[in-house]
Amino acid sequence: MVDAAVLTKLEEGFAKLAASDSKSLLKKYLTKEVFDNLKNKKTPTFGSTLLDCIQSGLENHDSGVGIYAPDAEAYTVFADLFDPVIEDYHGGFKKTDKHPASNFGDVDSFANLDPNNEFVISTRVRCGRSMQGYPFNPCLTEAQYKEMEQKVSTTLSGLEGELKGKFYPLTGMDKAVQQQLIDDHFLFKEGDRFLQTANACRYWPSGRGIYHNDNKTFLVWCNEEDHLRIISMQMGGDLGQVYKRLVTAVNDIEKRIPFSHDDRLGFLTFCPTNLGTTIRASVHIKVPKLGANLAKLEEIAGKYNLQVRGTRGEHTEAEGGIYDISNKRRMGLTEYQAVKEMYDGIAELIKIEKSM
């Protein structure tokens, strides 16, 4: 049975959310009927409740989504809520749909989007992965965080060639090193309130760390939002190079660490927006003419299933007319197709910007 205190919190939070003007997907799909059907359920292995899934959205009414999976079983147990949120966010991925098998496609097929460096400041492709046998952040013990960090650190120290680098644990990290990594847009910061209220920041900085190669074009975050965030990035618009590096790394790491995967949902992650391919391919791009009319920029981006964010990502403003633009759909298509959507959309935006 679900604890009485948890039920009280759920009832109060639900009433407040229902009365709010929140635009979150949580509010949209958490009807009274769905709420009453799920409020007494728990996941079998870790005992996660509906509150564990939705507390971030109950507290932050300005959330876009407002729901996280505390463990992999939550996607099944609380499917009545997760399925419609997933379908809405990922452009019509229905509960009867099955995510296709992983396919990175021809890694040599993407050219440089901006060979003259007029528009694209930098390009980045990342994916999230969860380690098999471990729950997601809210259910992890401090011992598990440390154990995972150890596994990740050992695995990454075996990478060679261009991917060779060093793992920096957050625990005991020198303040100057930390600040430098944050300034380089490398290091995740503690204290994102959406993650805090989802209970994803416990035991900080225990078990967290960052790995980067010597060229600082490849990095791995350990235990930020997901167990692993694998990131390939560099200045300029050469998407082909960036994508190829990521694919090489993912294939290499997967040989050493088994990842959580579901036949229907693809790779499993903490946030339902990152399921499936988990791929987010993005550019920092300067399009001052299009940017002067944000509605138009967003309309064109929308045609290619692209998401427009501020310079420093979600919940930020565009600095100096520079936008972070990425693919939005991660489910119901292959990794290659997800990156191709971004590639085609950015090529079109550059074409329009040039013609204005």
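Pro 205 sits in the loop between helix H9 (193-196) and strand S3 (209-213); helices here are DSSP runs of H or I with at least four residues, strands are runs of E with at least two, and both are numbered from the N terminus. The peptide bond that joins Trp 204 to Pro 205 is cis, with omega about 0°.

Before I go on, some ground rules. This is a predicted model, in which local features need pLDDT of at least 70 and side-chain atom pairs count only at pLDDT 80 or more, while totals for chains, interfaces and linings use all residues. Residues are numbered from 1 along each chain as its sequence is written, and side-chain values use heavy atoms, with hydrogens and water left out.

Staying with backbone geometry, two residues other than glycine have a positive phi. Lys 216 has phi near 60° and is placed in the loop between S3 and strand S4 (218-222). Asn 223 also has phi near 60°, and its place is in the loop between S4 and strand S5 (228-235). Most residues other than glycine have a negative phi, and most peptide bonds are trans.

Are these two residues buried or exposed? I use buried for under 20% relative accessible area, exposed for over 50%, and partly exposed for in between, with a 1.4 Å probe and protein chains only. Lys 216 counts as partly exposed because its relative accessibility is 32%. Asn 223 counts as buried because its relative accessibility is 0%.

An unreviewed UniProt entry lists residues 6-91 as "domain: Phosphagen kinase N-terminal"; its positions are given in the numbering used here, feature names are shortened, and annotations may be inferred rather than shown by experiment. Over residues 6-91 the chain is 59% helix and 0% strand, with 33 Å between the end C-alpha atoms.

Within that range is helix H6, residues 79-89, whose buried residues include Leu 81, Phe 82, Val 85, Ile 86 and Tyr 89. Residues three or four places apart in an α-helix point the same way, because there are 3.6 residues a turn. The cover over the buried residues of H6 includes helix H2 (25-29), helix H3 (32-38), H4, helix H5 (74-77) and strand S9 (306-309). Just after H6, Gly 91 has a positive phi of about 65°.

Lys 27 lies in helix H2 and is partly exposed because its relative accessible area is 25%. Leaving aside neighbours within four places in sequence, Lys 27 is in contact (heavy atoms within 4.5 Å) with Leu 17, Ala 18, Ser 20, Asp 21 and Ser 22. Between the C-alpha atoms of Lys 27 and Phe 14, 13 residues apart along the chain, there are 8.8 Å.

Val 308 belongs to strand S9, and with a relative accessible area of 16% Val 308 is buried.

Cys 139 is in the loop between strand S1 (120-129) and helix H7 (142-156). What does Cys 139 touch, not counting residues up to four places away in sequence? The list is Phe 46, Ser 48, Pro 70, Asp 71, Gln 144 and Arg 202. Cys 139 is buried, at a relative accessible area of 18%. Gly 47 is 92 residues from Cys 139 along the chain, and their C-alpha atoms are separated by 9.0 Å.

Now the cores. A nonpolar core is a set of buried Ala, Val, Leu, Ile, Met, Phe, Trp, Tyr and Cys residues joined through side-chain atoms within 4.5 Å. The largest has 57 residues, and those that touch the most other members are Val 125, Phe 218, Ile 253, Ile 285, Ile 325 and Ile 346. Apart from that core lies another, of 43 residues, including Val 2, Leu 30, Ala 198 and Phe 270.

Last, the second largest pocket. Its lining is Lys 9, Glu 12, Gly 13, Lys 16, Leu 51, Gln 55, Leu 58, Glu 59 and His 61. Helix H1 (4-19) and helix H4 (50-59) are the elements that give two or more residues to that lining. A pocket here is an open set of points on a 1 Å grid over the protein atoms alone, where a 1.4 Å probe fits, with protein on both sides within 12 Å along at least five of seven lines; lining residues have an atom within 4 Å of a point.
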